Amino acid sequence: MRVSTAMIFGNGLASMQRQSAQLLHTQQQAASGRRMLTPADDPVASARALEVGQAKNTNALYQINQKTAAEALAQQESLLASVGELMHDVRTLAVQGGGGSLNEADRRSIASELRQRFEQLVGFANAADGNGLYLFSGFMGGTKPFSGSVAAGVSYAGDDGQRLQQVSASRQLAVSDSGNEIFMRIRNGNGSFVTSAAATNAGSGVIDGGAVTDPAKWNAPGNGKDFSLRFAVDNSSVPPQTTYDIVDASNNSLLTGLPSVGGPYPRVFTPGQAIVLKSQGGEPAFDFGAQLVITGQPANGDRFDIDASTSQSMFETLGRLIGALESSTGTPAGRTLLANRIGAALTDIDQAQDNLLRVRATVGARLNEIDSLANAGEALDLNYAQTLSRLQDVDYAEAITRLTQQQFYLEAAQKTYASVSGLSLFNYV
């Protein structure tokens, strides 16, 4: 093969350019810390790094959503805690209002304070987040959920929806709760039935909230859940004897199986002793799995009612308590009626507090879930970072060694080129 001077110069220049390009590539790797400067450096690793990078960015978005959800739930939990403290104060005032040493002016003063608590409760229920959306209006974040007054009652304008936040690839978490569930749909009485005293009662009998001793029997299909206790007093006996009957909605006596007529009734009443909705002795067989207690002494013709529990809002409970305190009288019958109404209010307040605790428990469970997801997200983020480092990051020891070697090659090429380019026949002519 004929070797020309042009070939010597061309090959020498190409060799130095190739060595310079390799040296520059290695220098850029060391300067940037990245092994792959272009996808051509490692097509398979580049494609894998793109997938991992996208997954890492998606995980970062979920972590932002988790923080947003946690902030929303923390705000809701704080408000619910404030509502719980308010209802605790209301219960304390209710107990105070039922004290026998208070006069009518004292009770009206307590009722006035309860009106302020009522307005405060409405304010809590209409709380908004930092974006101006109402917390307890369901999906209708821009709609003010609650409006009304003590006299007119409070209505709910939201819906039953729960706003959701995507906190992981497979999990949407509720970050709000419907105002219906928190403030409106609360079972009154003991949650199964509610007891009440007739406004016309003349005795000193005060009924408690009652209790279900056997839920299966109380919820049996044959239970109408609508009864009344009727009392009669026989003043001819010494001492006077008080008897009672248990009557269903059709005016039939459960104790005789016949229509209920005037006293004396089949059972003898003893103050403070449990009245069971269950047959005793020779009575017709029935058992509704419930009982209640009446203290004091009912008068002849007094009546107490037992009805199935229904939904009653916190606002209605508070409104009834205010009405009872404002309408109380100093007569013995008025004081007894007040005691019965305050007893009913205390039972309803306990139901409201239990409902609040239930909702707060679900909020706490969601916050715990967010903590778990956040920990998992941080671990996943670290795993993605390690994978990307393995795929993309340069090995500095190897790169510097290669850089030194390539620099040596370039210097050798430059020196040999200088030597070869100096060869010419004219030097020997």
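The legends below describe close-up views of a predicted model.

**View 1. Helix α3 and its buried side.** Helix α3 spans residues 104-125, 22 residues in total. From first C-alpha to last, α3 reaches 31 Å, close to the 32 Å expected at 1.5 Å a residue. Its buried residues are R107, I110, A111, L114, R117, F118, L121, V122, F124 and A125. They cover an arc of only 145° around the axis, and therefore lie on the same side of α3. An α-helix has 3.6 residues a turn, so residues three or four places apart point the same way. The exposed residues A105 and Q116 are carried on the face of α3 turned away from the buried side.

**View 2. The start of α3.** Here a side-chain oxygen of N103 comes to within 3.1 Å of the backbone nitrogen of A105. A105 is also one of the exposed residues on the face of α3 turned away from its buried side.

**View 3. The β1-β2 hairpin.** Strands β1 (residues 146-149) and β2 run antiparallel and are joined by four bridges. Three residues lie between the two strands of this hairpin. S147 stands opposite S155 in β2. Strand β2 (residues 153-156) has V154 and Y156 on its covered face, while G153 and S155 are on the uncovered one.

**View 4. The five-stranded open sheet.** The strand order is β5-β13-β8-β9-β10, with antiparallel pairing. At the edges are β5 (193-197) and β10 (267-268), each of which pairs on one side only. Within the sheet, β8 (residues 226-234) and β9 (residues 241-248) pair over eight bridges in the antiparallel sense. S228 stands opposite V247 in β9.

**View 5. The largest nonpolar core.** This core has 51 residues, and those touching the most other members are L114, F183, M314, F315 and L321. At least two residues each are supplied by α2 (43-97), α3, β2, α4 (179-184), α6 (314-327) and α7 (332-392). Helix α7 gives the largest share, 11 residues. A second, separate core has 21 residues, including W218, I246, L254 and F269.

**View 6. Surroundings of F315.** Leaving aside neighbours within four places in sequence, F315 is in contact with F118, L121, V122, A125, F146, V154, F183 and M184. F183 is, like F315, among the residues that touch the most other members of the largest nonpolar core.

Key: Residues are numbered from 1 along each chain as its sequence is written. This is a predicted model: local features need pLDDT of at least 70, side-chain atom pairs count only at pLDDT 80 or more; totals for chains, interfaces and linings use all residues. Side-chain values use heavy atoms; hydrogens and water are left out. The expected span of a helix is 1.5 Å times one less than its number of residues. Buried means under 20% relative accessible area, exposed over 50%, partly exposed in between (1.4 Å probe, protein chains only). The arc is that of the directions from the helix axis to the C-beta atoms. A polar contact is a pair of N or O atoms within 3.5 Å; within protein, one must be able to donate a hydrogen and the other to accept it, and residues adjacent in sequence count only if both atoms are side-chain atoms. Two strands pair if DSSP finds at least two bridges between them. A nonpolar core is a set of buried Ala, Val, Leu, Ile, Met, Phe, Trp, Tyr and Cys residues joined through side-chain atoms within 4.5 Å. Contact means heavy atoms within 4.5 Å.
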